[in-house]
Amino acid sequence: MEHQVMGRRTSRLIKPVRGWSEDLPDPEEEQRVYPRLIRVNEINDVWMEIPRYVNYGWGGQWFAAWVSILAFGILFSLGLFPDFFSDISSFLLGSLLIFPSVSLVIYIFRSALFEPRGAPVRFNRKQQKVYVYEYKKSIWPWARWPVTIKVFDWADIQGERVEMSGHADWGHRVYCAVCRPGTYQVVDRFVLTWTVGSIHDVYGLWSACCQYMQGKAVSDKPLRTDTPPDWTPFRTVRWPEEMDKASRAVPEWSIK
């Protein structure tokens with residue numbers, strides 16, 4: 001069933017998001033849906049931060065982590081027996097297997113323990129800018145997985161909804177398309193929220209972001225306050241100090 005409640009049947013954007021379902025209302029328009037945040041880390045008169053939690057996959061990562069440990073343990077125990085390294089070919093084979101096995105274990109546990117949870121987006125309505133927390137994950141576990149903060153002008157952003165229909169990823173997702181100033185030519189894009197089940201929740205989220213950036217009141221009581229199922233004992237989101245300050249700053253020209 002198509003949901004064309006809010007948008008047109010064809011996108012106004014040049015190069016709409018893959019799987020496009022509809023354009024969301026223009027950010028400067030009067031929003032017709034009651035604004036309601038799904039989750040919120042902080043909201044005040046200057047800036048608002050919302051987390052972006054991925055709702056699936058963490059259980060599978062932990063399962064893969066323990067399976068990899070078991071497999072590595074079996075391989076390592078075989079190496080303890082003299083017969084395993086009784087000839088040069090067995091020795092070379094064992095040596096070649098150990099390094100990729102260790103790398104795989106490190107990669108899986110690094111993903112399960114240290115991959116950023118709920119990588120956030122900050123909206124600074126005094127600056128009219130959006131700060132997007134992103135990280136680049138490499139398949140090489142020994143490399144650094146750097147954090148980058150993308151900064152966009154709110155005036156250049158348009159909202160898009162995508163309806164997901166996968167077995168593990170079913171529901172609705174919102175993307176923000178970043179356009180060239182004064183056009184609908186998309187030059188970048190980021191996820192505003194990963195998949196949620198209710199279409200009304202994503203409409204409410206988009207409305208809340210728009211109204212907040214318009215300087216209107218938005219409730220600090222989100223729909224969800226429970227802890228997402230992506231447990232890790234570590235704090236995985238760490239804003240670079242300089243960008244942390246910049247994203248929360250009040251520009252001098254706005255101080256009366």
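This is a predicted model: local features need pLDDT of at least 70, side-chain atom pairs count only at pLDDT 80 or more; totals for chains, interfaces and linings use all residues.

Biologist: Start me off with the overall layout. How many helices and strands are there?

Modeller: The protein has 4 helices and 9 strands. Going along the sequence, the pattern reads β-β-β-α-α-β-β-β-β-β-β-α-α. Of the 256 residues, 43% count as buried.

Biologist: Which strands make up the open sheet, and in what order?

Modeller: The order is S1-S7-S8-S9, with antiparallel pairing. Strand S1 (20-23) and strand S9 (186-196) are the edges because each has a single partner strand, so one side of each has no neighbour in the sheet. On average, neighbouring strands in this sheet are turned by 30° against each other, direction ignored.

Biologist: What makes S8 and S9 a pair?

Modeller: Pairing takes at least two bridges between the strands. Strand S8 (residues 170-179) and S9 have 7 bridges, in the antiparallel sense, so they pass that cut-off. Ala-177 has Arg-189 in S9 as its bridge partner, and Val-174 stands opposite Thr-193 in S9. The hairpin of S8 and S9 has 6 residues between the strands, and Gly-182 takes a positive phi near 80° there.

Biologist: And how do you know that S7 and S8 pair?

Modeller: By the rule of at least two bridges: S7 and S8 are joined by 9 bridges and run antiparallel. As an example, the bridge partner of Gly-159 is Cys-176 in S8.

Biologist: What makes you say S8 is mostly covered?

Modeller: In S8, 9 of the 10 residues are buried. Buried here means under 20% relative accessible area.

Biologist: Now a charged one. Why is Arg-161 called buried?

Modeller: The cut-off for buried is under 20% relative accessible area. Arg-161 has 0%, so the label buried applies. Arg-161 lies in strand S7 (residues 157-165). The Arg-161 side chain also has a polar contact of 2.7 Å with the side chain of Glu-22.

Biologist: How do you know that Arg-161 and Glu-163 form a salt bridge?

Modeller: The rule asks for a side-chain nitrogen of Lys or Arg within 4 Å of a carboxyl oxygen of Asp or Glu. For Arg-161 and Glu-163 the N to O distance is 3.8 Å, so the pair qualifies. As background, side chains of opposite charge can pair when their charged atoms come close.

Biologist: How many salt bridges does that rule give?

Modeller: The count comes to 16 salt bridges. One of them joins Asp-244 and Arg-122, at 2.7 Å from N to O. Asp-244 is in helix H4 (residues 241-248) and Arg-122 in strand S4 (residues 121-124), so this pair ties together parts 122 residues apart in sequence. Asp-244 and Arg-122 are both buried.

Biologist: What makes Arg-224 and Asp-226 a salt bridge?

Modeller: Their closest N and O atoms are 2.9 Å apart, and the limit is 4 Å. Arg-224 is partly exposed at 41%, and Asp-226 is partly exposed at 34%. Elsewhere, salt bridges that share partners join Glu-49, Arg-122, Asp-244 and Arg-248 into one network.

Biologist: Over to the surface. Which residues form the nonpolar patch?

Modeller: Phe-99, Ile-139, Trp-140 and Trp-142 form the patch, with about 510 Å² of accessible area together.

Biologist: Why is Phe-99 called partly exposed?

Modeller: Partly exposed sits between the cut-offs, buried being under 20% and exposed over 50%. Phe-99 comes out at 46%, so the label is partly exposed. A patch member needs over 30% relative accessible area, and the 46% of Phe-99 clears that too. Phe-99 is in helix H2 (residues 88-114).

Biologist: And Phe-114, what label does that residue get?

Modeller: Phe-114 also lies in helix H2. At 45%, Phe-114 is partly exposed.

Note on methods:
Residues are numbered from 1 along each chain as its sequence is written. Side-chain values use heavy atoms; hydrogens and water are left out. Patches are made of residues with over 30% relative accessible area and no salt bridge: like charges are joined within 9 Å, nonpolar side chains (Val, Leu, Ile, Met, Phe, Trp, Tyr) within 5 Å. Accessible areas come from the Shrake-Rupley method with a 1.4 Å probe; for residues, only the protein chains shown count as cover. Helices (H or I, at least four residues) and strands (E, at least two) are DSSP runs, numbered from the N terminus. Buried means under 20% relative accessible area, exposed over 50%, partly exposed in between (1.4 Å probe, protein chains only). Axes are lines fitted to C-alpha atoms, for helices over the stretch in contact, and angles run from 0 to 180 degrees between N-to-C directions. A polar contact is a pair of N or O atoms within 3.5 Å; within protein, one must be able to donate a hydrogen and the other to accept it, and residues adjacent in sequence count only if both atoms are side-chain atoms.
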